[in-house]
Amino acid sequence: WVLKLTTKALNKGKLEPMVVKFVYSIVKIGLYVLLFIAVVSILGIPTTTFVTLFGTVTLSVGLALQGSLSNFAGGVLILLMKPFVIGDYIVQGNTEGTVKEIGLVYTELITADNRLIVIPNGTLIDSSIVNVTATGKRRLELSVGIGYKSDLKKAKEVLIRLGENDPARDPENPVNVFVSELAESSVNLGLHVWVSSSEYWNAKWRLTENIKMAFDEEGIEIPFKQVEISVTKM
């Protein structure tokens with residue numbers, strides 16, 4: 001009866017199937033322990049010894065599996081709180097990738113170059129996690145420098161046009177172009193375009209290439225480092 005009520009309550013909470021199965025197993029084990037103690041008590045056998053033995057065994061196992069239990073608890077928290085789900089692209093420290101599987105002990109990521117990374121859940125739950133794809137869109141930020149003699153107004157118009165015409169652009173957010181810095185040899189312009197998360201990298205590579213070609217067509221100089229050497233004949 002208790003197990004049926006537990007299952008019904010968990011299913012109403014729309015939890016992950018793995019969490020439902022885990023909680024069900026824990027409740028079932030707890031009920032069996034209570035049943036065993038009750039039967040022993042009814043038979044007239046002192047339960048103090050069994051309770052002490054059970055506590056000692058539990059403590060010993062807990063100390064021996066401290067790291068694993070931490071990862072286990074982290075897995076349960078991840079499945080309950082859902083800071084990320086399967087298919088999300090996350091960044092944790094120097095590690096990043098698409099979530100392939102969330103287990104009770106480890107989480108598996110697939111990197112952009114198709115490598116498999118296995119991270120203990122205890123590490124994930126105890127550190128900052130950046131969920132890149134959670135909101136469905138990202139702000140793409142590009143920076144490009146033009147020469148001081150180039151037409152600044154024309155360069156800004158080109159960047160705005162390229163940003164607005166990009167197929168991955170989110171039309172709900174305007175394209176933003178601005179002068180970010182007056183550097184030693186260039187006027188640096190910033191370009192902000194909101195795009196769908198799934199097309200972020202394609203949009204970045206496409207816009208970078210389109211900016212170069214458009215600037216060449218418009219005669220806008222992209223300066224690069226040069227060294228001038230003057231030779232004086234004596």
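Trp 205 counts as exposed, because its relative accessibility is 54%; the classes are buried under 20% relative accessible area, exposed over 50% and partly exposed in between, with a 1.4 Å probe and protein chains only. This is a predicted model, where local features need pLDDT of at least 70, side-chain atom pairs count only at pLDDT 80 or more, and totals for chains, interfaces and linings use all residues. Residues are numbered from 1 along each chain as its sequence is written, and side-chain values use heavy atoms, with hydrogens and water left out.

Now the ring pairs. Rings of Phe, Tyr and Trp (its six-membered ring) pair if their centres lie within 6.5 Å; planes under 30 degrees apart are stacked, over 60 edge-to-face, the rest tilted. That rule gives two aromatic pairs. Tyr 200 and Trp 201 are edge-to-face, at 5.2 Å centre to centre and 90 degrees between the planes. Trp 201 and Trp 205 have centres 6.0 Å apart and planes at 35 degrees, so that pair is tilted. Tyr 200, Trp 201 and Trp 205 make one aromatic cluster.

Is Tyr 200 buried or exposed? Tyr 200 is buried, at 9%, while Trp 201 is partly exposed at 42%.

Last, the charges. The charged end of Arg 138 sits over the ring of Tyr 200, 3.7 Å from its centre; the criterion is NZ of Lys or CZ of Arg within 6 Å of the ring centre and within 35 degrees of the ring normal. Lys 137 has its charged end over the ring of Trp 194, 6.0 Å from the centre.
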